[in-house]
Amino acid sequence: VQLQASGGGLVQPGGSLTLSCTASRKISSFVSMGWYRQAPGKQRELVARITSGSITNYPDSVKGRFTISKDIAKNTLYLQMNSLKPEDTAVYYCNLPTVAMDYWGKGTQVTVSS
């Protein structure tokens with residue numbers, strides 16, 4: 001499975017961005033998909049996950065600001081990010097875990113700075 005992420009960029013604090021991740025296969029059959037991020041010098045961390053039944057979960061650091069969603073018809077995962085903070089600066093990756101292996105997109109840079 002190939003995952004193509006896009007939508008990153010430079011945004012001012014308080015701004016918004018929407019990330020997209022398009023899969024090369026139908027995503028409807030997968031148990032869950034998610035977004036992770038990795039800032040310089042830090043470990044990769046989960047920022048949002050959505051199950052096949054559209055149950056979502058977020059860490060406290062982004063809860064209420066980030067929204068994960070998916071479009072089954074387009075095989076695309078989204079991450080709507082609002083009220084962005086400088087500490088949200090990182091490379092964001094989409095993730096598709098399967099029994100055989102974890103699939104990762106290439107990553108898209110999000111920089112929050114004035």
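The briefing covers the disulfide, the strands, the aromatic pairs and selected loop residues.

This is a predicted model, in which local features need pLDDT of at least 70 and side-chain atom pairs count only at pLDDT 80 or more, while totals for chains, interfaces and linings use all residues. Residues are numbered from 1 along each chain as its sequence is written, and side-chain values use heavy atoms, with hydrogens and water left out. Helices (H or I, at least four residues) and strands (E, at least two) are DSSP runs, numbered from the N terminus. Buried means under 20% relative accessible area, exposed over 50%, and partly exposed in between (1.4 Å probe, protein chains only).

**Disulfide**

- A search of the whole structure finds one disulfide, a term that denotes a pair of cysteine sulfur atoms within 2.5 Å.
- The disulfide joins Cys21 to Cys94, with an S to S distance of 2.1 Å.
- Distant parts of the chain are linked by this pair: Cys21 belongs to strand E3 (residues 17–23) and Cys94 to strand E9 (residues 90–97), 73 residues apart.
- The disulfide is right-handed, because the torsion about the S-S bond of Cys21 and Cys94 is about 60 degrees.
- Cys21 counts as buried at 1% relative accessibility, and Cys94 is buried with a relative accessible area of 0%.

**The four-stranded open sheet**

- Two strands pair if DSSP finds at least two bridges between them.
- An open sheet is formed by four strands in the order E1-E3-E8-E7, with antiparallel pairing.
- Strand E1 (3–6) and strand E7 (66–71) are the edge strands, each pairing on one side only.
- From one strand to the next, the twist averages 15 degrees; axes are lines fitted to C-alpha atoms, for helices over the stretch in contact, and angles run from 0 to 180 degrees between N-to-C directions.
- E1 and E3 run antiparallel and are joined by four bridges.
- Gln4 has Thr22 in E3 as its bridge partner.

- Strand E2 (residues 9–11) pairs with E11 in the parallel sense over three bridges, and Gly9 stands opposite Val110 in E11.
- E9 pairs with E11 in the antiparallel sense, also over three bridges.
- Val91 has Gln109 in E11 as its bridge partner.

**Aromatic pairs**

- Two aromatic pairs are found in a search of the whole structure. Rings of Phe, Tyr and Trp (its six-membered ring) pair if their centres lie within 6.5 Å; planes under 30 degrees apart count as stacked, over 60 as edge-to-face and the rest as tilted.
- The Tyr36 and Trp104 rings are edge-to-face, because their planes are at 70 degrees, with the centres 5.0 Å apart.
- This pair links distant parts of the chain, with Tyr36 in strand E4 (residues 32–38) and Trp104 in strand E10 (residues 102–104), 68 residues apart.
- Tyr36 counts as buried at 18% relative accessibility, and Trp104 counts as partly exposed at 33%.
- The rings of Tyr93 and Trp104 have centres 6.5 Å apart and planes at 90 degrees, so this pair is also edge-to-face.
- Tyr93 lies in strand E9 and Trp104 in strand E10, so the pair ties together parts that are eleven residues apart in sequence.
- Tyr93 counts as buried at 14% relative accessibility.
- Through these ring pairs, Tyr36, Tyr93 and Trp104 are linked into a cluster.

**Loop residues**

- Asp88 is placed in the loop between strand E8 (76–81) and E9, and counts as buried at 0% relative accessibility.
- The Asp88 side chain makes a polar contact with the side chain of Arg37 at 2.9 Å. A polar contact is a pair of N or O atoms within 3.5 Å; within protein, one must be able to donate a hydrogen and the other to accept it, and residues adjacent in sequence count only if both atoms are side-chain atoms.
- Leaving aside neighbours within four places in sequence, Asp88 is in contact (heavy atoms within 4.5 Å) with Arg37, Arg65, Phe66, Ser83, Val110 and Val112.
- Ser83 is found in the loop between E8 and E9, has a positive phi near 50 degrees and counts as partly exposed at 40% relative accessibility.
- Asn75, in the loop between E7 and E8, has a positive phi near 55 degrees and counts as buried at 18% relative accessibility.
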